[in-house]
Amino acid sequence: MLSAAYLIIALVDLGVLFLSAGHCLRYRSNGLLFATLPLLLLWYDNAVIAIGSTLGEGALLMNLNTVRFLAHYISLPMTFIAIGAMAREAGFRLAQKKTVMGAFCLLAVYFIGHDLWLFSQSSLYPSCFADTLRYTTHIAEYTACGPDAEIGAGKSIPPIPAITLTVMLIIFGIFLWRRSGWKWLTLGSLGAMAFFAVPCSSTGGIFGNIGEPIIMAVVILTAVDIAKRRQQAGTQPG
């Protein structure tokens, strides 16, 4: 059952969130803090999909999905700020400039505003795949809930922020790999990208949801590694 698989993903998301929260209490790191923010409701995204068919169509499920979209559009771009903060904490000279950090913040604000505006112009439609039911901004042929569904209705909001973010994580990971030998951000991001590339038409998009906790986990572990190195450097005798 696909609904059960989404529930398992939600539990994995919670596990990554608890892991990150524990490290946040241990290390004073802006990179780690901003990397944790997208995890606050990532589990919720999968949980709503998991229980959608149980709740059935109606205002309750539509409202739950509205929160799901809003949480995604607001929290995901926080990872751009996390990249800038991690680069600064890792000692990259360019990242020490306030203008560069400001650029990361502006990029996050732009994507938040852009996607929220697109979402405000959209309507929500019941979307079915296998045993799952959710609301989306577009009805594709493979997500039609019945013969009366208006296939093609609405407009899909392209995942440009997620694609841009993944590419930036890979690039930052390569520089970090060369600088400190930490390879996991690059490898983890590439692995997650492979999941993101699986066509939604044949899977309902679940592989993209599987890739999310993978990429978020490597981002968190990268922020933790940077924080550890920074702490160790600060405790070493000068």
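Student: Which helix gives the largest share of the lining of the second largest pocket?
Tutor: H7 does, with four residues. Helices (H or I, at least four residues) and strands (E, at least two) are DSSP runs numbered from the N terminus. A pocket is an open set of 1 Å grid points over the protein atoms alone, where a 1.4 Å probe fits, with protein on both sides within 12 Å along at least five of seven lines; lining residues have an atom within 4 Å of a point.

Student: What is the basis of these values?
Tutor: The model is predicted: local features need pLDDT of at least 70 and side-chain atom pairs pLDDT 80 or more, while totals for chains, interfaces and linings use all residues. Residues are numbered from 1 along each chain as its sequence is written, and side-chain values use heavy atoms, without hydrogens or water.

Student: Which residues line that second pocket?
Tutor: Among them are Ile-83, Phe-92, Val-100, Met-168 and Phe-175. Besides H7, helix H5 (78-89) and helix H6 (98-120) each supply at least two lining residues.

Student: Turning to the strands, how do S1 and S2 pair?
Tutor: They run antiparallel over five bridges, where pairing requires at least two DSSP bridges. Pro-126 stands opposite Tyr-135 in S2, and two residues separate the strands of this hairpin.

Student: How many residues of S2 are buried?
Tutor: Five of its five, with Leu-133 and Tyr-135 on one face and Thr-132, Arg-134 and Thr-136 on the other.

How values were computed
Buried means under 20% relative accessible area, exposed over 50%, partly exposed in between (1.4 Å probe, protein chains only).
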